[in-house]
Amino acid sequence: MFDPSLLNSELQAILSAYLKQLNHHGVHAHDELFSSDDRIRNQWHPLLEEFSQLGTDTLLARSEEAQNLLHENGVTFNSYEDDPGRMRSWELDCLPYVISTDEWEGLERGLIQRVRLLEALVDDLYGPRNVIKKGILPPELIYTHPSYLFPALNEEETPDRPYIIFHSTDLIRNASGEWLVLGDWAQSPSGTGYALENRITLARALPNLYREAPIKRLAGFLQAQLRCLASLNRGQKEHPNIVLLSPGPGSPGYFEHAWLANYMNFTLAEGADLVVRDGQVSMRTLGGLKRVDIILRQINDPWCDPLELRGDSLLGVPGLMQAARNGEVEIANALGTGVLEHPALSTFMPELCQHLLGETLLLKNRDALWCGEDQQLTRVLNETGQWLIKDVRMPTRVIKPENLSVNEREMLYKSIQRQPYLFVALDKPKAATAPVFNVKTRQFEPQPVNLRLFSLVEPDDLFKPLSERQYRIMPGGLAWIGNAGTPLMESQTVKDIWVMAPVPQPHISLLRQANGPIVVTRDGTDLPCRVADSLFWMGRYGERLDIRSRLLRETFSRLQQEDQEDTGTRLIPDLFAALELDYPDVPSETKALKSAATENTRLTRAEYLHLRNCLLELFAEHHNDGMPWLFSHFLRNCRAVRDHLGDDAWRTVNNLRQRFNDMPSAQSAIMAQRHLEGVVTNLAAFFGLCNETMPHHYGWRFLDIGRFIERILLSLELLRLALLTARHPGIPLWEVVLATTDNFTVYRRRYRSQLHPSAILDLLLFDETNPRSVGYMLKRLSRQIERLPHPNISPYRNQETRLVIQATSALHLADLDNLVNIDHSEEAQAALATLLDQLIQPMSELSNAISHSHFSHVEAPRQLVTMQSTV
Amino acid sequence: MKYELRHTTRYDYSGDVTLSHNEARLLPRIMPWQEVESAELSISPAPVRLRERSDFFGNRVNYFSMQDLHNTLEVTASSIITTSARPFPPTDLNQTWESAVDLLKTGHNTLDTYIDQAHLEAKLFTLDSDFIRHDALLAEYARASFTSKRSLIDAVIAFNQQIFSDFIYDPEHTTIATPILDVLASRRGVCQDFAHLAIGCLRSLGLAARYMSGYMETLPPPGQEKLQGADATHAWLAVYIPKWGWLEIDPTNGCLPDERYIILGWGRDFADVTPLKGVMTGGGNDFLSVAVDVIPLPRADANAA
């Protein structure tokens, strides 16, 4: 038996402090931990006993551990407005949201009824439309919703599959403990990936509890979801090709899209990867078009097909609706289901449930008013301040009239009166509280919580009529802290939901188990062209970031040297040139001081500070060629191929991200150098891990080609500067070049002597055994390019190969004798200039040639202009 | 009247198009007063898929795609059509335009009372659409004809004349994207603008109006022969008259459409009945040419008439 007095004293103190907070304002609202008579609810007993044994210190440590795990796995979200380089990650509360067995049964029944009702409604709305014809739903309510798709209407035949494969419902518990539905997600419910990630994390942080407490497991649900999707093509193919269609790395849910694609083993695709040809949907891969059978879409209805839906959509696939209409592809959820997300539907739910199912609605909705009804409109206009306003054309925006200026409010009410049917008012229910562990105060705090729960068609019932179809609810889900209706993306803290079972549950591995025999594939030609493109650019940006960081590090170090001692040279202007920076005008007062002082080259303090600040500018986020800018390009490409990078490689990307977030605050040269060291080592780790873990298929080859094109180009530019164009050529500058290209050690080992330009040239250009030499890099490029897929077999060499040969022969045919005495002979310099040009030109063209041959899909489809001459 | 109808749309592209998906709404609807003897679409180069369905409004839609490199696209719709006089509402409807507005406003959530399905359907055409938004200025303009307690049909016919006399036909002035408020301000435009404008005005008053797409037989100037391809597509509108149906008006010509008008289809506005639309990859710049012929044919029973 559970006895609170047996808990450790610290936990007892925490609990009594929690209760005190609850009762601060008299009788408390419904709370998940304490019942109304201030007793601890049964479902919390095993948890509290475990916490008591662990002790608060351990709980704190575990909680931090959980945060780290989440951070390292890169569980993040970002909204469109956020800079892609700065994604927020959320905190996972180590206290789960616990639901008892009995309570869950009621909730489950209500949710299953709800999804059946929604399915019946959507069947009707795109079929006979009886709910409109019989006057239950006003036509202006449905027809003005952006996700009611006119082209999806199909009065002639009833589809044999459900529109909704899975769906999610957002709920809260109100102050009296009653469940209230806030809304539904019927197009592409998001959050299962986060829910699973939270579960994995918490199970690792609290292993004993997770193993021993009778918690219902989640893995079975995702397996069933996979089975559902795979069954959608009616067994026509043993291994249907399923893709997850995402709006891309810029979308708020991208982390989850990549995560799900990985977990379920789907290809992560964007609209531009897919094409409709011969009526079928195919994916553009390096090996040509590959047929797609099933699409798990994460794009909202109006954007899915620029032909039949919004013509300005760049996310969708032209012709997709027609392909779906002909049954050439199955989409989950079917196009048009978004209309079920209409916020005003809630006011019609009880009647619809009666009419469509002949049942009483089990789960209540939050109070809402549809302004299309005169009486409700009057209430909305009179009871200002009591309601939140939603414009049905802007599904994600919630307007708080009291936060608007007088003018804005007047505008709002005017537009409501003009077209009342476009507006819905939502109440602001007070939510029940649940305990949240505050790691700073080491206390439990009562906080309002929103829940998202998921439903799924029973896979075997997919093609049964609605009346015979079973649904299942995921026994768990996603909870987040915030007042009722706070969007998930705006919450800082999430909670795992634990549904208690009467008996301990068998453990199901969260790692996906293969369903049926696996198809062994090795060739890698099914890599989407877009992924190859992103890997290529990830390589180029990563390499540029690396060389920039090295060069900048050397510049900071030279700057400090020249600040502290009279080095006899002025390298900084040349280094600025290498960094493509304009050398700044030295402030005039310092010039005057200087001439009066000494003739030496030592920098004055003011000069030093001025130059240093110019360099630190490169760390500023707004600098449009600065380090964060470069990084954001690198990161964008990394994110676009998230599902091709190993977890460890991704961790290094997250470390880099952290570093770049801290970078703009660097105030000193020392700090700056430290950041740059960090970038260099993290990048080395990243590319190292890529080499170690990525299968050496086409994807990896494109990454490698991108890196080496960039490295060759930057090395050649540095050589040109050091040997030809520098204001102050000589040993100090050559040292910088060797350090930047990471050749210093090799040079010293080999020559053990002073730097000599001929030796540098040999090492950096001709020596094919030196992995940093242009000769070696060209050899590597040529090998990689040879092994790329070439769909158009032709007896002639393709352009990429020709360009590499061109550069290689220029190098091989160079007359070394012409290049001796480079530091004195003008002829040698001219010969070197020619050689460098002969190398740089084909390498610059190589990038375009590769894009053209392999990624040429990038061109976006466009509208046929339809202007017609009319009378 | 019996007509042979030929409507050719041709695109010439400066570059190759690698893939295109298209929808044509070029085959005429069947109406009680519009018999369609034959109607076919010929497309060059030959498309890979040609599928017909009927859209939300009951218009005929032909989907087709082209996936071999091409730099021209020619779509010709040919049909033989016989038209007869349209019905006209009885003059004793005794319906003010305000009562029509009231009728359209109510009619939802009343399971126990009789629901007029026609009202319900008309309701869609009182709402905003892509090209047409409610506006107080539009309602204000229409009030010159829609005076207090005036009969709906009288007001509609007067309004048709009002636009015809206030506006100047000027094909140089507008493009497809010209907002109707600009048309109202400049008093210039083409048939499409006038149809959109009239619909906007009627909807702003609370009435239901839909956009009609089709053709009209034109006569050559006296003493001249009719030139080939000189006809054009035409646009007008229809207004919902409760308890009767949809009355067509043509503000461009200030008349009520008769046998010389051929209906392709209708929708909320031009966007719903675009004759030919598509999404393509490649192509560069394009050059469009359109030729329409509405050729009167002798009717078998012409002598009897």
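In what order do the four strands of the open sheet with parallel pairing in chain A stand? In this predicted model, in which local features need pLDDT of at least 70, side-chain atom pairs count only at pLDDT 80 or more, and totals for chains, interfaces and linings use all residues, the order is S8-S7-S12-S13. Residues are numbered from 1 along each chain as its sequence is written, while chains are lettered from A and ligands numbered from 1 in the order in which they are written.

Helices (H or I, at least four residues) and strands (E, at least two) are DSSP runs numbered from the N terminus, and two strands pair if DSSP finds at least two bridges between them. Strand S12 (residues 294–297) of chain A is joined to S13(A) by three bridges in the parallel sense, and Ile295(A) has Ile331(A) in S13(A) as its bridge partner. Helix H10 (residues 254–264) of chain A packs on this sheet, where it touches strand S7 (242–246) and S8 of chain A, and its direction makes about 175° with that of S7(A); two residues are taken to be in contact if their C-beta atoms, placed from the backbone, lie within 7 Å.

A further open sheet of chain A has three strands in the order S9-S10-S11, with antiparallel pairing. Its edges are formed by strand S9 (274–277) and strand S11 (288–291), each of which has a single partner strand, so one side of each is left without a neighbour in the sheet. Here the twist averages 45° from one strand to the next. Strand S10 (residues 280–285) of chain A pairs with S11(A) over four bridges in the antiparallel sense, with Thr285(A) standing opposite Gly288(A) in S11(A).

Chain B has six helices and 13 strands. Its radius of gyration, taken over C-alpha atoms, is 20 Å, close to the 19 Å that the globule rule (2.2 Å times the number of residues to the power 0.38) gives for 305 residues, so chain B is as compact as a globular protein of that length. The C-alpha trace of chain B spans about 60 × 50 × 45 Å along its principal axes. Of the 305 residues in chain B, 43% are buried, a residue being buried if 20 or more other C-beta atoms lie within 10 Å of its own, exposed if 12 or fewer, and partly exposed in between, with C-beta atoms placed from the backbone. Among contacts in chain B between residues at least 6 apart in sequence, 74% join residues at least 24 apart.

The domain assignment of chain B, whose bounds come from an automatic or database domain assignment, gives domain 1 (2–84 + 275–297) and domain 2 (97–257). The C-alpha centres of these two domains of chain B lie 26 Å apart, and the contact between them takes eight residues from domain 1 and eight residues from domain 2. On the domain 1 side, S1 and S13 of chain B each supply at least two residues, and S13(B) gives the largest share, five residues. The residues on that side divide into seven nonpolar, no polar and one charged, where Ala, Val, Leu, Ile, Met, Phe, Trp, Tyr, Cys and Pro count as nonpolar, Asp, Glu, Lys and Arg as charged, and the others, Gly among them, as polar.

Val294(B) is found in strand S13 of chain B and is buried, with 24 other C-beta atoms within 10 Å. Residues up to four places away in sequence not being counted, Val294(B) touches Tyr3(B), Leu5(B), Tyr215(B), Glu217(B), Asp231(B) and Ile262(B). Between Val294(B) and Leu276(B), which are 18 residues apart in sequence, the C-alpha to C-alpha distance is 19 Å. Strand S11 (residues 261–267) of chain B has seven of its seven residues buried, so S11(B) is largely enclosed by the rest of the structure. Six bridges join S11(B) to strand S8 (residues 209–216) of chain B in an antiparallel arrangement, in which Ser213(B) stands opposite Gly265(B).

Between the chains, 46 residues of chain B are in contact with 37 residues of chain A. S12(B) gives the most to the side of chain B that touches chain A, with seven residues, and by class this side has 21 nonpolar, 18 polar and seven charged residues.

How values were computed:
Axes fitted to C-alpha atoms, helices over the stretch in contact; angles between N-to-C directions.
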